[in-house]
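Here is a friendly note to read alongside the model. Please keep the structure open as you go through the points.

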Amino acid sequence: GRAKDVIIRGGHNIDPAVIEETLLKHPDVLLAAAVGKPDAHAGELPVAYVQLIADARTDADTLNRFVLDNIPERAAAPKDIIILPRMPLTDVGKAAKPQLRRDAAQRLFAAVLADAAGPQARVAVEVVPDDTSGTKANIAVTPEGAAAKADVEQRIRATMAAYPTAYVIQWT
């Protein structure tokens with residue numbers, strides 16, 4: 001649990017509390033949680049999820065500037081700030097970080113795999129808990145026209161090789 005909360009960016013250990021405490025200083029932020037998203041080069045990059053107070057007018061760009069101006073560790077500055085309508089919480093009222101880590105991975109994989117598959121296929125990704133590997137990406141691929149299935153699959157496998165995440169490719 002807590003050991004996984006540490007974000008390891010290129011060998012630099014980042015305590016998510018540094019990011020969360022900085023974001024909570026912003027007057028429009030009600031809840032904040034920081035997690036690591038997979039990165040092909042650095043291992044993980046920090047991502048922040050926030051829930052704003054009611055009627056807040058702040059956006060992710062404004063929060064990003066606020067964090068850059070106020071965070072004590074430059075490496076801890078989140079690469080993405082995602083504003084949620086409602087923060088997922090555990091039964092004890094804390095941010096559900098495993099769910100947020102899966103969401104961060106899912107957003108990343110959906111973007112990089114759409115690029116990898118190209119216009120020849122549509123890709124949908126769902127990152128789910130897995131008893132064997134901890135987390136698994138279910139990748140659903142729908143070929144467009146006469147797409148070369150083997151070519152698309154090879155590009156997806158080459159892209160996913162950069163990440164230590166178990167995955168399954170399903171053709172629809």
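1. Start with Val35, whose bridge partner in strand E4 is Val47. This pair belongs to a set of 10 bridges joining E3 to E4 (residues 43-52), and the two strands run antiparallel. Together they make a hairpin, with 3 residues between them. Strands pair here if DSSP finds at least two bridges between them.

2. A word on the source: this is a predicted model, in which local features need pLDDT of at least 70 and side-chain atom pairs count only at pLDDT 80 or more, while totals for chains, interfaces and linings use all residues. Residues are numbered from 1 along each chain as its sequence is written, and side-chain values use heavy atoms, leaving out hydrogens and water.

3. How enclosed is strand E3 (residues 29-39)? Of its 11 residues, 9 are buried, so the rest of the structure largely encloses E3. Buried means under 20% relative accessible area, with a 1.4 Å probe and protein chains only.

4. Now look at helix H4 (residues 97-117): its 21 residues should span 30 Å at 1.5 Å a residue, and the end C-alpha atoms agree, being 29 Å apart. The expected span is 1.5 Å times one less than the number of residues. Buried residues in H4 include Leu100, Ala104, Leu108 and Phe109. Just after H4, Gly118 has a positive phi of about 70°.

5. Stepping back, the protein has 5 helices and 8 strands. These are DSSP runs numbered from the N terminus: helices are H or I with at least four residues, strands E with at least two. Buried residues account for 42% of the 172 residues.

Conventions
Buried < 20%, exposed > 50% of the residue type's maximum accessible area, 1.4 Å probe, protein only.
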